[in-house]
Amino acid sequence: MKTFARSLIIILLVLPLAACGLLPRPAPTAAPQPTATESAPPPTAPPAEPTAEPTAQPAPAAPFHAGFDYNGDGRSDVAVFTKEGWQAALSTGVSFDASGSGPWTANLGMWGEIPFAGDFNGDGKTDVAVLNWNGELWVGLSTGSSFDGEGSGLWASPAGQWGGIPLSGDFDGDGRDDVLVFTEKDGLRVGLSTGRSFDAPGSGRWNTPAGLWSEQPFTGDFNGDGKDDMGVLNWQGQVWVGLSSGSGFDAPGGGQWTVKAAPWGGMPLSGDFDGDGKTDVAVFTPENQWKVNLSSGSSFDAPGSGDWLSAAGLWGELPTVGDFDGDGRADIAMLNGNSEWWLGLSSGSSFDYPIGSGRWQSATGKWCDVPLNAPDFWRFDHLTPNMQNIWEGRFRLAGCGQ
Ligand SMILES: [Ca+2]
Ligand SMILES: [Ca+2]
Ligand SMILES: [Ca+2]
Ligand SMILES: [Ca+2]
């Protein structure tokens with residue numbers, strides 16, 4: 001009933017807009033607008049940040065996360081990392097300008113460090129983190145209106161390594177998100193969260209049958225057992241999965257999973273797009289197609305997989321995934337070169353659910369800002385431009401500083 005009531009309210013709010021033609025599909029926009037250039041950040045010492053006071057954290061109570069929910073109201077939001085700091089754009093279900101949106105104070109993060117997000121203390125509110133040039137992991141815990149909650153600061157971890165790609169997920173299934181750093185030489189380094197550090201017992205290198213450097217990594221609970229897994233899209237358009245046992249990505253059932261379509265050259269994004277509790281993989285292609293590969297628990301070709309129509313998404317825009325309308329199915333949000341957010345809400349079989357899909361008003365999000373948990377290879381290329389890798393030159397942001 002609650003969902004029905006909310007849907008009804010949304011319908012009543014949005015139908016007049018739709019009738020007036022105010023929710024069009026985005027016209028193909030011009031190339032991203034270049035803005036002021038800036039030089040690459042120097043690899044200098046990290047900012048002076050306050051040392052965290054060790055504090056007890058409440059027992060984890062949050063369910064497995066469905067997205068990135070910075071104020072903990074059940075709808076995913078977006079956050080961006082900017083040269084001026086952190087900003088949150090909180091979802092109302094039909095826009096990103098809920099009360100509390102805007103700049104959020106925090107004591108971490110310098111431009112050039114690699115930002116990511118997760119609910120690291122398991123309180124139901126998504127937190128932010130950075131991997132810095134010293135291989136340190138700094139965390140800013142969400143209070144619901146800022147990222148400087150008690151327990152924020154430098155979190156000890158064996159996982160950090162500059163040059164690696166940080167990803168989040170609850171790999172041991174205890175309700176707190178952990179960190180995985182995908183590295184070139186040291187494989188997969190995991191830091192399990194204690195609620196105030198990433199060095200819980202079991203942290204360290206994790207074995208996996210999947211994942212070679214230069215493949216495109218992503219995380220999610222692909223078999224729906226409550227522990228987040230890792231996967232990669234490789235050059236041959238194959239998807240390999242490492243299922244978490246809680247102490248490694250080598251549980252039975254991992255390996256190459258059949259996909260419906262996952263072309264190399266596309267951008268893999270993970271999310272539970274059909275809301276069945278198992279994380280799926282969508283590959284956004286340069287042809288502006290969404291190839292959705294639904295998880296069966298042992299493959300990515302469950303019924304309903306295929307090309308999904310979408311109200312949003314042009315190649316070159318920056319995508320992120322979350323359950324922005326809070327209906328239990330993961331949606332897509334794209335930040336475009338005009339500093340607009342466009343939403344493709346999942347109906348369970350497409351990204352053009354009529355209520356709420358289209359452009360969302362937002363208090364934050366400019367081109368050159370870094371949307372958190374956008375595909376990691378993009379951030380990697382963007383933020384470490386001198387590092388040679390196969391993606392270099394493909395995902396440059398015009399005018400954002402290379
Ligand atoms: Ca939290
Ligand atoms: Ca955990
Ligand atoms: Ca799992
Ligand atoms: Ca699913």
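Biologist: How many residues lie between E21 and E22 in their hairpin?
Modeller: Bear in mind that this is a predicted model, where local features need pLDDT of at least 70, side-chain atom pairs count only at pLDDT 80 or more, and totals for chains, interfaces and linings use all residues. Residues are numbered from 1 along each chain as its sequence is written, while chains are lettered from A and ligands numbered from 1 in the order in which they are written. In the turn, serine 339 has a positive phi of about 60°. The number of residues between E21 and E22 is five.

Biologist: Which residue in E22 is the bridge partner of alanine 333?
Modeller: Strands here are DSSP runs (E, at least two residues; helices are H or I, at least four), numbered from the N terminus, and two strands pair if DSSP finds at least two bridges between them. E21 (residues 331-335) and E22 run antiparallel, joined by four bridges. For alanine 333, the partner in E22 is leucine 343.

Biologist: And in E23, what stands opposite leucine 343?
Modeller: E22 also pairs with E23 (residues 358-360), antiparallel and over three bridges. Facing leucine 343 there is glycine 358.

Biologist: Are Trp341 and Leu343 of E22 buried or exposed?
Modeller: In a regular strand, side chains alternate between the two faces of the sheet. Trp341 and Leu343 point one way from E22 (residues 341-344), with Trp342 and Gly344 pointing the other way. Counting other C-beta atoms (placed from the backbone) within 10 Å of a residue's own, 20 or more is buried, 12 or fewer exposed, and in between partly exposed. Trp341 and Leu343 come out buried.
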